[in-house]
Amino acid sequence: MNPARTAGLTALALTAFAANSVLCRLALAEAVIDPGTFTALRLVAGAVTLGALVRSRPSASRSSGRSWWPAVLLFLYAVPFSFAYVGLSTGTGALLLFGTVQVTMILASLRREGRPRPGQWAGLAVAFGGLVYLLLPGVTAPPVASAALMVVAGVAWGFYSLAGRGLPDPLAQTATNFGRTVPMAAILLLATWSGDDLELRGVVLAVISGALASGVGYVIWYQALRGLTGIAAAVVQLAVPVIAAAGGTVLLAEPVTIRLAVASALVLGGIGLALKAGVTPSGVLVPGRRSGRHRPL
């Protein structure tokens with residue numbers, strides 16, 4: 001793929017991922033929708049959009065896989081994500097989410113592949129230290145319950161991403177996963193619906209999050225992946241918390257605190273170090289070692 005096209009698609013996809021945080025925080029901060037309704041509408045809108053995109057392909061594979069586990073993980077990500085943003089700023093939530101996602105995926109890969117390199121341990125230690133620093137008690141510390149919910153969302157998204165590796169048709173499978181969350185979303189809506197704080201603006205923000213930031217965002221990301229190496233795809237996602245924080249500053253006037261800035265540098269720098277330590281001079285990602293032999297992902 002043309003490098004300029006790859007760069008453009010990557011930028012669009014990362015902006016879409018960051019937009020999910022901005023849209024959710026914007027809706028909840030203005031109290032125009034409750035987190036349960038936002039989640040349900042987001043999942044349904046994503047399912048409808050992705051389903052339409054799959055059906056529009058003339059020779060599309062519509063086969064889905066029998067396991068519902070990825071859909072459950074997707075749901076377990078989406079629900080705490082929304083409820084966490086009741087108490088988190090946009091940038092803090094995105095940092096916790098993507099930091100936890102990357103740490104989860106790296107640790108899972110290291111556990112599967114064998115003993116990690118010293119540089120990988122060092123990077124993970126720095127990243128984990130950044131998350132701990134962000135959550136230490138203090139005036140600017142995020143609420144513990146909200147932070148815990150976002151960490152749960154990050155772990156679920158990390159395992160969801162791992163479950164999707166190597167799929168022959170990731171778009172079709174993602175559409176299936178979103179479709180399978182619809183009955184779960186209906187149960188969530190029945191369990192949390194109160195009718196309070198629901199305005200048209202909130203509904204529009206939730207639908208945009210599901211249809212565009214999630215649905216169309218994933219389609220663009222799959223296109224961008226054709227021109228990215230595995231390590232590049234992992235590293236560029238570190239820009240998402242920065243984009244989200246910028247969006248929160250512009251649209252919600254959220255301040256970028258010293259704590260958030262330092263934690264961001266530690267988390268993103270540590271993850272970058274861990275990823276870099278697993279790359280050979282030829283560019284092959286090597287997450288760990290077993291019996292002295294390197295094994296690529």
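A nonpolar core is here a set of buried Ala, Val, Leu, Ile, Met, Phe, Trp, Tyr and Cys residues joined through side-chain atoms within 4.5 Å; buried means under 20% relative accessible area, exposed over 50%, and partly exposed in between (1.4 Å probe, protein chains only). The model is predicted: local features need pLDDT of at least 70 and side-chain atom pairs count only at pLDDT 80 or more, whereas totals for chains, interfaces and linings use all residues. Residues are numbered from 1 along each chain as its sequence is written, and side-chain values use heavy atoms, with hydrogens and water left out.

Ile271 touches Gly99, Gln102, Val103, Ile106, Gly123, Ala127 and Leu238, residues up to four places away in sequence not being counted. Contact means heavy atoms within 4.5 Å.

The axes of helix H1 (residues 3–29) and helix H10 (residues 240–252) come within 8 Å and cross at roughly 40 degrees. H1 is therefore oblique to H10, a class left after angles under 35 degrees (roughly parallel), over 145 (roughly antiparallel) and 65 to 115 (roughly perpendicular). The crossing of H1 and H10 is right-handed. On the H1 side, the contact involves Leu14, Thr15, Phe17, Ala18, Ser21, Val22, Arg25, Leu26 and Ala29, which meet Val240, Ile243, Ala244, Gly247, Gly248, Leu251 and Leu252 in H10. By class, the contact of H1 with H10 has 11 nonpolar, 4 polar and 1 charged residues. Helices are DSSP runs (H or I, at least four residues), numbered from the N terminus.

Val236 lies in helix H9 (residues 230–236) and is partly exposed, with a relative accessible area of 23%. Leaving aside neighbours within four places in sequence, Val236 is in contact with Thr10, Leu14 and Trp221. The C-alpha atoms of Val236 and Thr10 are separated by 8.2 Å, although these residues are 226 residues apart along the chain.

Two residues other than glycine have positive phi values. Ala31, with a phi of about 55 degrees, is placed in the loop between H1 and helix H2 (35–55) and is partly exposed at 35% relative accessibility. Ala253, with phi near 55 degrees, lies in the loop between H10 and helix H11 (258–277) and counts as exposed at 63% relative accessibility.

Definitions and conventions:
Axes are lines fitted to C-alpha atoms, for helices over the stretch in contact, and angles run from 0 to 180 degrees between N-to-C directions. A crossing is left-handed if the near helix is turned anticlockwise from the far one by less than a right angle, and right-handed if clockwise. Ala, Val, Leu, Ile, Met, Phe, Trp, Tyr, Cys and Pro count as nonpolar, Asp, Glu, Lys and Arg as charged, and the others, Gly among them, as polar.
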